Amino acid sequence: MIQISPDNIADRFMRYVQVDTQSDPVSTSHPTTEKQKDLSRLLLKELYGMGITQAETDEFGYVYATIPSNSEKKNIPAICFCAHVDTAPDCSGTDVKPIHHRYYDGNDIVLPDDTTQVISTVNSPYLKNHINSGVITASGLTLLGADDKSGVAAVMEAALFFIQNPAVKHGDIKILFTPDEEVGQGTAKVDMKKLGAQFGYTLDGGEAGSLEDETFSADGAVITINGVITHPGYAKDKLVNALKVAGAVLDALPKNEWSPETTEKMQGFVHPVSVNGIAEKASIQFIVRDFTLAGLAQHHERLKKIAAETVARFPGATMEYKATEQYRNMKEVLDTCPHAVTYAEEAIQRAGLVVKKESIRGGTDGSRFSYIGMPCPNIFTGMQNIHSKLEWIGTKDMAKAAETIVHLAMIWEERS
Ligand SMILES: [Zn+2]
């Protein structure tokens, strides 16, 4: 029986959330904010404190550590457990004051520093699962940072468990903490060779038991429209205004389908994100999303056709269509090594939970890792209402996430 104490992991988590690690989408440096290194340094110190000597942090704010194999078996793949240190730019992460509601009683939680911020079983039904156990919230002025310091805490608590329980057999365990995940730069400066792991798991998911092995495949598309420009005083029957053509293209897009605001679950979409231009020349930037490459190709075809038909109504105007790859569904990689997912399902069950397989309508560091040599599904930590002042987490979920890590390492050892 593997047991991790919710109170111990809560204390650890409370320590980490008080370090301001907000990342910055506008910054071009790595990490995007220096302050993220404050947590990286603290984690390194704590890893050393546990007796983990193979640990380092680098100029970019990554933390790499190894817990060496204690098994006689020589063929166990090295498994990485990964979490991100940064918090989202959407909501302040300065002076986070975490509150541990030790025996949550089921009533509304009014956050003391802004009493208009209320977490309840109405706006957050999952709270009902945590009555009579510990719940951690922020104080009303900031986010909590459970995304993803709950993942960091789970990995650290599991590391401590391995050190304190040498009878639990495992192969090489690699620990990776990344900066800048929230601004899409989590893998930008990672050194996969230094990491040296064959399979990975991010601890960056929601409800207890959830396991995500599928993300969107994502492209960008740019439609460039060339108008015909003349002196406006003598433009009759000559001038074609590219801005008006661009407006017509946007207007020709379906109103009740095929957009982020009208789709859910496994449906893909096309989404205009910006328009730039002058009368002579205008461009529309889109993001295109689907779970399959065939679906992605169909979206491009359809968008191009709508745009071409619209532009054709403006004689003299021309258009170009350019698609660019952004990231790909991790499932295409994970389907080549299904045991990376089934072992995680088994670990979740051994931790006493029901597996909830989910698909992410977005990308994760895991999708990028999967394509740079480390297949990497995403495991729950319990985080709720992320990127907001109403963010909260149940301490027993965090403990279950750490237990899942331990079981997962044991399963890889058993099966090798
Ligand atoms: Zn996250």
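Guide: Helices (H or I, at least four residues) and strands (E, at least two) are DSSP runs, numbered from the N terminus. This is a predicted model, in which local features need pLDDT of at least 70 and side-chain atom pairs count only at pLDDT 80 or more, while totals for chains, interfaces and linings use all residues. Residues are numbered from 1 along each chain as its sequence is written, and side-chain values use heavy atoms, with hydrogens and water left out.

Visitor: OK. How many helices and strands does the protein have?

Guide: The protein has 10 helices and 17 strands. Its radius of gyration (taken over C-alpha atoms) is 24 Å.

Visitor: What does the C-alpha trace span along its principal axes?

Guide: About 85 × 55 × 40 Å.

Visitor: And how much of the protein is buried?

Guide: Of the 416 residues, 56% count as buried. Buried means under 20% relative accessible area, exposed over 50%, and partly exposed in between (1.4 Å probe, protein chains only). The protein exposes about 17,700 Å², with 52% of that area supplied by carbon and sulfur atoms. These areas come from the Shrake-Rupley method with a 1.4 Å probe; for residues, only the protein chains shown count as cover.

Visitor: Which residues have the most contacts inside the largest nonpolar core?

Guide: Phe13, Phe81, Phe162, Phe177, Tyr201 and Leu408, in a core of 80 residues. Helix α10 (residues 395-415) gives the most to this core, with 11 residues. A nonpolar core is a set of buried Ala, Val, Leu, Ile, Met, Phe, Trp, Tyr and Cys residues joined through side-chain atoms within 4.5 Å.

Visitor: What does Leu408 touch?

Guide: Not counting residues up to four places away in sequence, Leu408 touches Phe81, Tyr201, Tyr343, Ala344, Ala347 and Ile379. Contact means heavy atoms within 4.5 Å.

Visitor: Switching to rings. How many aromatic pairs are there?

Guide: The structure holds seven aromatic pairs. One of them is Tyr126 with Trp392, a tilted pair at 6.0 Å centre to centre and 35° between the planes. The pair links distant parts of the chain, 266 residues apart: Tyr126 is in the loop between β6 (118-119) and β7 (135-137), and Trp392 is in strand β17 (residues 392-394). Rings of Phe, Tyr and Trp (its six-membered ring) pair if their centres lie within 6.5 Å; planes under 30 degrees apart count as stacked, over 60 as edge-to-face and the rest as tilted.

Visitor: Are Tyr126 and Trp392 buried or exposed?

Guide: Both are buried. Elsewhere, ring pairs link Phe199, Tyr343 and Trp412 into a cluster.

Visitor: Which charged end sits over the ring of Trp258?

Guide: That of Arg302, 4.2 Å from the ring centre. A charge sits over a ring if NZ of Lys or CZ of Arg is within 6 Å of the ring centre and within 35 degrees of the ring normal.

Visitor: Now the backbone. Which residues does the cis peptide bond with omega about 0° join?

Guide: His30 and Pro31. Pro31 lies in the loop between α1 (6-17) and α2 (36-50). The bond from Asp147 to Asp148 is also cis, with omega near 10°, and Asp148 is in helix α3 (residues 146-164).

Visitor: What about Asp237, what is its phi?

Guide: Asp237 has a positive phi of about 65°, although it is not a glycine. Asp237 sits in the loop between β11 (217-226) and α5 (242-252), and counts as exposed because its relative accessibility is 73%. Lys265 also has a positive phi, near 50°. Lys265 is in the loop between α5 and β12 (269-277) and is exposed, at 61% relative accessibility.

Visitor: Last one. Why does Thr178 count as buried?

Guide: Because its relative accessibility is 0%. Thr178 is in strand β8 (residues 173-178). Leaving aside neighbours within four places in sequence, its contacts include Tyr62, Cys82, His84, Asp365 and Phe369.

Notes: The radius of gyration is taken over C-alpha atoms; the globule rule is 2.2 Å times the number of residues to the power 0.38.
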